[in-house]
Amino acid sequence: GRKKFVMFPPAETKRVCSPEHGFVDPRHPDLSAFPEYHQAKRMEFVLQRGDLLFLPCGWPHMVTSLTPTISLTHNYLDEAHFKTVRMAFLMSVFHKVVNSSQSNEEASDSDEETPDVSDDKIQASLAAVE
C-alpha cells in the first residue's frame, strides 16, 4: 500500500509538540496552540509498496494510509533514554489531569456530574505507568 509521511526534525519539536496540546495535526494545524507551526521545517513523502523507512528517535511524525496497507513496526527504547521518555509521558498525564481538574472547577456551577480527579485517582494513574 501507500502511506503519506510528514516528519519534523528534532530541532522543530517545540513548534509541533507541547505538553498541553500533544502533537499538531499537520492536516489541520491549530495555530493558536502551535503559533510557529508554519516556520517548522518538515519532510513530506509517500512510501510505496515495498519501501522501507528508518525513522530516527525523536522525529515527530504523522502517517496517513492512502491505500490499504500492512506495516511492520519495531520500536526500540534503550535504557539511556527510558527515563526521559517516562518523564515526558508522566508530564503529559499530569497536564491532562490538571486540565481536567480545571475544567471540572469551571463546570462546578452546573448540574453536570464531574469526573473524580482526586489525589487517589492521580496516584493510581501514575502508579499504572510505573
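Reader: Let me start with Glu12: is Glu12 buried or exposed?
Author: Glu12 counts as buried, because its relative accessibility is 7% and buried means under 20% relative accessible area, with exposed over 50% and partly exposed in between, for a 1.4 Å probe and protein chains only. This is a predicted model, in which local features need pLDDT of at least 70 and side-chain atom pairs count only at pLDDT 80 or more, whereas totals for chains, interfaces and linings use all residues. Residues are numbered from 1 along each chain as its sequence is written, and side-chain values use heavy atoms, with hydrogens and water left out.

Reader: And where does Glu12 lie, and what is Glu12 in contact with?
Author: Glu12 lies in the loop between E1 and helix H1 (13–16), where helices (H or I, at least four residues) and strands (E, at least two) are DSSP runs numbered from the N terminus. Apart from neighbours within four places in sequence, Glu12 is in contact with Gln39, Ala40 and Lys41, contact being heavy atoms within 4.5 Å.

Reader: Stepping back, how do the elements of the protein chain run?
Author: Starting at the N terminus, the order is β-α-β-β-β-β-α-α, and the secondary structure comes to three helices and five strands.

Reader: How much of the protein chain counts as buried, and what does its accessible surface come to?
Author: Of the 130 residues, 18% count as buried. The accessible surface comes to about 10,000 Å², with 55% of that belonging to carbon and sulfur atoms; such areas come from the Shrake-Rupley method with a 1.4 Å probe, and for residues only the protein chains shown count as cover. As for contacts with a separation of 6 or more, 71% are accounted for by residues 24 or more positions apart.

Reader: Which residues make up the largest nonpolar core?
Author: The largest nonpolar core has eight residues, namely Val6, Phe8, Val16, Val24, Ala33, Phe34, Tyr37 and Ala40. Such a core is a set of buried Ala, Val, Leu, Ile, Met, Phe, Trp, Tyr and Cys residues joined through side-chain atoms within 4.5 Å.

Reader: What does Phe34 touch?
Author: Not counting residues up to four places away in sequence, Phe34 touches Arg15, Val16, Cys17, Ser18, His21, Gly22, Phe23 and Val24. Gly22 has its place in strand E3 (residues 22–23) and, at 31% relative accessibility, counts as partly exposed.

Reader: Switching to rings, how many aromatic pairs does a search of the whole structure find?
Author: The search finds three aromatic pairs, where rings of Phe, Tyr and Trp (its six-membered ring) pair if their centres lie within 6.5 Å, and planes under 30 degrees apart count as stacked, over 60 as edge-to-face and the rest as tilted. The rings of Phe5 and Phe45 have centres 5.5 Å apart and planes at 5 degrees, so this pair is stacked.

Reader: Which parts of the chain does that pair link?
Author: The pair links distant parts: Phe5 is in strand E1 (residues 3–7) and Phe45 in strand E4 (residues 43–47), 40 residues apart. Phe5 counts as buried at 8% relative accessibility, whereas Phe45, at 22%, counts as partly exposed.

Reader: What else do ring pairs link into a cluster?
Author: Ring pairs join Phe8, Phe23 and Tyr37 into a cluster.

Reader: On to cysteines: how many disulfides does a search of the whole structure find?
Author: The search finds zero disulfides, a disulfide being a pair of cysteine sulfur atoms within 2.5 Å. Cys17 is partly exposed, with a relative accessible area of 26%, while Cys57 is exposed, with 66%. Cys57 is found in the loop between E4 and E5, and its C-alpha atom is separated by 9.9 Å from that of His81, 24 residues apart along the chain.

Reader: Last one: where is the place of Leu72, and is Leu72 buried or exposed?
Author: Leu72 is in the loop between strand E5 (61–65) and helix H2 (79–107), and with a relative accessible area of 85% Leu72 is exposed. Ser71 is also found in the loop between E5 and H2, but Ser71 is partly exposed, with a relative accessible area of 43%.
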